[in-house]
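Please keep the model open while reading.

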Amino acid sequence: MITIDRKSASGFLTDDEFSEALNKAEDAFEQVVKGTGKGNEWLGWRRILASPNDAELDEIGNYAARIRSEADIFIVCGIGGSYTGAMAIIKALNPVFKPNGPEIIYAGHHMSGKYLQELIDYLNEPKADGTQKSVYLNVISKSGTTLETALAFRTLRNWMHRFYDDAKLRISATTGQQGGVLNKIIDAEGYKKYVIPDDVGGRFSVLTPVGLLPIAVAGIDIQTLFYGAVAEFNRSEKERDDILKYAATRYALLEKGFAVDVIGSFEPELLGFIAWIQQLIGESEGKEGKGLYPAMAGYSTDLHSVGQLIQEGQRNVIETLIVVEEPFSDAMVAGGDKSDTDQLNYLAGKLFHEINRSALNGTVEAHTDGGVPVIKINIQKLNTQQLGRLIYFFEMFTAVYVYILGVNPFNQPGVEDYKKAMYRLLGKN
Ligand code: PA5
């Protein structure tokens, strides 16, 4: 269950400002549900939850199980919405130090030659027992033309074809039904193909094969994740309050001149998820001179860096904090040090979760007093089901909130500008 706590933020808005924004949020919600808003041909992220494709979930699960049993390394090659969703879930749920199954490596999300070269060197290196590594690769690009991904794919594909006789069986591609250079390569080489539905945009595609295959390869139960999202979809069609309140508060604060939303959490496991939210909101709302800049913060680490600016810098910052209610580790502070030289005995026997919670509560208090409205988004537990819920919550929130701004949440026309300039400089015809 996801709940919103806007107590801190409510002190920054009058009742009239909030209720006017709430009315707008209600209209915007209706536009999403009825499919009458801008970009309504891209509402497939709702359609897939309204009628789940269990056969596809099973098929992805089976292919992922094969990769898990055969691969030492699984490369996810994609950028933007083609990889942030998978990374979000894998980072949140997989053990930090001991990967569960194949090592997952991301590529195609920038153009660093150093990174690619070092990656190839690493792939070439034999394992500790002297045998070669077994590498599988999934390239993900809806358009099939994105340069960062295409360049990495060319490099890695060439390496795989030189290295393995069965390279064709080790490479899979996730792309649009038709068109794009990637589809031509798939046809020519016979790689296994997954389809990104036409009506689902990149940053809304984590619950399609785009995110589901890498997530399943990481050993995470995609049925539970997907049906978590289905549960939130069904709930929020009836109980809209939390999405409406969050959208209305954020919009009313934007209208009051706030310019930056620091999206953070006291759980470092959620940093990847916050990167996914940053992309989802930022690429959706930042158009026509509108939008709050979604910055990222990992607490309490960043309280010792940008925390200073949040507390006392320019007063144009709001904060969204993702809060996990229940402890997911029973680690506690050791007792038994009679000398108490480090003066920490007052914390002996306390769960780290409780201490972290005090840091959270203290931060909300200090930031609110310092002029930063804080909105808390609470989930009960950090598990697969709750993260499925949170995915849908943020997708729906984004659509509703961006509709209040009066822009199309589902396109990204501004991204083309750097591409045009880059291609001109590279001499592309
Ligand atoms: O949300 C989006 O549509 C973008 O972030 C895309 O996912 C990103 O640009 C990658 O595009 P593609 O999958 O076509 O390579």
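How many Å separate the centres of domain 1 and domain 2, taken over C-alpha atoms? The separation of the two centres is 30 Å. Domain 1 consists of residues 2–35 + 235–410, and domain 2 of residues 46–220; these bounds come from an automatic or database domain assignment.

This is a predicted model, in which local features need pLDDT of at least 70 and side-chain atom pairs count only at pLDDT 80 or more, while totals for chains, interfaces and linings use all residues. Residues are numbered from 1 along each chain as its sequence is written, and side-chain values use heavy atoms, with hydrogens and water left out.

The size of an interface is often given as the accessible area lost when the parts come together. Between domain 1 and domain 2 about 1800 Å² is buried, and 66% of this lies on carbon and sulfur atoms; buried area is the accessible area (1.4 Å probe) that two parts lose on being put together, summed over both. Contact (heavy atoms within 4.5 Å) links 24 residues of domain 1 with 16 residues of domain 2.

The two domains are also joined by 2 salt bridges, each defined by a side-chain nitrogen of Lys or Arg within 4 Å of a carboxyl oxygen of Asp or Glu. The side chains of Glu237 and Arg46 form a salt bridge with an N to O distance of 2.9 Å. On the side of domain 1 that touches domain 2, the elements giving two or more residues are helix 2 (15–34), helix 13 (271–285) and helix 16 (384–405). Helices here are DSSP runs of H or I with at least four residues, numbered from the N terminus. The residues on that side of domain 1 comprise 13 nonpolar (Ala, Val, Leu, Ile, Met, Phe, Trp, Tyr, Cys and Pro), 5 charged (Asp, Glu, Lys and Arg) and 6 polar ones (the others, Gly among them).

Thr384 is found in helix 16. Thr384 counts as buried because its relative accessible area is 17%, the limit for buried being under 20% (1.4 Å probe, protein chains only). Leaving aside neighbours within four places in sequence, Thr384 is in contact with Leu93, Ile220, Asp221, Thr224 and Leu225.

Arg250 lies in helix 12 (residues 241–255). Arg250 is buried, with a relative accessible area of 0%. Residues that Arg250 touches, not counting those up to four places away in sequence, include Asp261, Ile281, Leu292, Ile318, Phe397 and Tyr401. Glu285 is also touched by Arg250.

Conventions
Buried means under 20% relative accessible area, exposed over 50%, partly exposed in between (1.4 Å probe, protein chains only).
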